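Morning, everyone. Please have the sequence and the model open while I talk. I will go through it piece by piece.

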Amino acid sequence: MVKKVRVPACYEQFHCVAAACSDSCCAGWQVDVDAVSWKRYQKEEGDFGEYLHSVMVDVPGEEGQFRLREDGRCPFLNLSGLCDMYDKLGEKSLCDTCTNYPRFMEDYGELREVGIAFSCPEASRLMLSISEPMQFLEGEVSDKGERSFVSDVMWRTANMGIEDMVVSDEEGEYIIHSEAFDREYFQMLFHLRETAFCLVQNRRLSMADRVLLYLDFGMCVQDAFDREAEESLNGLMDWYKDEQRLLSRLKRLRKEAEYLGVVDGERIPKGELRYRLLPEYIAVLYQDLKHCKPSWGILLSEAEKVLHKEMTAEQYHDIYQAYDNDMSQREYEYEHWLSYFVFKYFLKSYFDDDIYGKVQLAVMAYLVVKELAVCQWVKQDREFTKENQIELFHLYSRELEHSDDNYDMFEDLLHTENMCNGEHLRAILLEWVEF
Ligand code: SF4
């Protein structure tokens, strides 16, 4: 049973701006309809019921979907940018996806974590409106969903989708189906994530150092689990929270950097790894994953042209440095981006034991968005506004997190592609830290 709810501190301030949205979630996205709503829609009568049935498509083995219009818009999105389903049948008629988006949710035993996704431009704007480190709030709900000190929004969140999870017992009370929950393992992951937050939000270090240390931490933690050396994890967490030790770890990593410039047996000159490997990563995103929005493909191909075909490795290096200097006051935007990935994905390793994969996902999000940002900054005469950043985070999240096909394919690529391995990522990140 959900007893605690954790949300980002800005969560309650989120409001969908509907018709005023710069990129409605009702355009270009295929919505999977949950089984309960699907059955309800099948029973709908009258003219609207007839229209509804004409756009319902059964997907064998999965939930149903609505047939999108030729322009990729939801069949219920009207010309004023509003939802006809909402208008004709009311808010409660919306399926789970439409009701909850852009909120995402994961249950871990008694804890439910809920956040808002960067794929919604408004959520993205809200998360970047605060320069302080991303904070989280926790509230409690009672067994029967009664609130204690939680606010309205958190209370509703705690009860979201709960009908699917409960059956009534004889006394009319609710029982939640839950599998055996490994509390000890989860607690360990939870503490490891706290350490991860300390690392990515440590403002005494540069963003480049933080990303590097987060990757390093993820590799060490995964290694400890793989060797079944869980007893070493407490020491590891203390170690990664100790400022002096972090500095000496950075020193050591930098020394090792000398030996990391070898890719597939070829020695790559120092300072050229990022220049050589980033276009390969971008090419994978461009060629292997489908593009939900054409603007995404344009951004990817522009980065290759502007930063690689038209620049030497030396110019590329200098441009990155100039960008970092220019944007030094806005490093917190990348910090929030990384904090979001830590919050959303780290604990999911409870379900698949793949901690390093979750860290890799965050590091890739950082590398790719930064590459695209540098490209836009060059193109716009060394200007890159907060709105530009919001747009990049939003697009990346929309393309890679909120297309199930793309997300699954990307996760597989991270596991199978040699070029995305930890050593290469570490080598690339080491080129960003000061020697
Ligand atoms: S993308 Fe966000 S702001 Fe835009 S319509 Fe969807 S939920 Fe509302």
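**Strands, core and ligand**

Let's start with a pair of strands. Strand β1 (residues 4-8) and strand β6 run parallel, joined by three bridges. Two strands count as paired if DSSP finds at least two bridges between them. Helices (H or I, at least four residues) and strands (E, at least two) are DSSP runs, numbered from the N terminus. Within this pair, Lys4 sits opposite Leu111 of β6.

Before I go on: this is a predicted model, where local features need pLDDT of at least 70 and side-chain atom pairs count only at pLDDT 80 or more, while totals for chains, interfaces and linings use all residues. Residues are numbered from 1 along each chain as its sequence is written.

Back to β6. Strand β5 (residues 103-108) also pairs with β6, this time antiparallel, over six bridges. Glu106 has Glu113 in β6 as its bridge partner. Together β5 and β6 make a hairpin with two residues between them. Look at Gly109 in that turn: its phi is positive, about 60°.

Is β6 enclosed or open? Five of its six residues (111-116) are buried, so β6 is largely enclosed by the rest of the structure. Buried means 20 or more other C-beta atoms within 10 Å of a residue's own; exposed means 12 or fewer; partly exposed is in between, with C-beta atoms placed from the backbone.

Now an open sheet. Three strands form it, in the order β2-β4-β3, with antiparallel pairing. β2 (32-33) and β3 (56-57) are the edge strands, each with a single partner, so one side of each has no neighbour in the sheet. β3 and β4 (residues 64-66) are joined by two bridges. Met56 pairs with Phe66 of β4.

Zoom out. The protein chain has 19 helices and eleven strands. Of its 435 residues, 33% count as buried. The largest nonpolar core has 96 residues. Such a core is a set of buried Ala, Val, Leu, Ile, Met, Phe, Trp, Tyr and Cys residues joined through C-beta atoms within 7 Å. Helix α16 (residues 355-379) gives the most to this core, with 17 residues. Val211 is among the residues with the most contacts inside the core. Leaving out residues up to four places away in sequence, Val211 touches Leu338, Val363, Tyr366 and Leu429. Contact means C-beta atoms, placed from the backbone, within 7 Å.

Next, Tyr286, in helix α11 (residues 273-288). Tyr286 is partly exposed, with 17 other C-beta atoms within 10 Å. Beyond four places in sequence, Tyr286 contacts Gly297, Leu300 and Ser301.

Which residues are around the ligand? Among them are Cys16, Cys21, Cys25, Tyr101 and Glu122. The cut-off is a C-beta atom, placed from the backbone, within 6 Å of the molecule. The shell divides into nine nonpolar, one polar and two charged residues. Ala, Val, Leu, Ile, Met, Phe, Trp, Tyr, Cys and Pro count as nonpolar; Asp, Glu, Lys and Arg as charged; the others, Gly among them, as polar.

Last, confidence. pLDDT is the predictor's confidence in each residue, from 0 to 100. The chain averages 86, and 87% of residues score at least 70. Over residues 162-177 pLDDT stays under 50. Where pLDDT is low, the predicted coordinates should not be read in detail.

Methods:
Contact = placed C-beta atoms within 7 Å.
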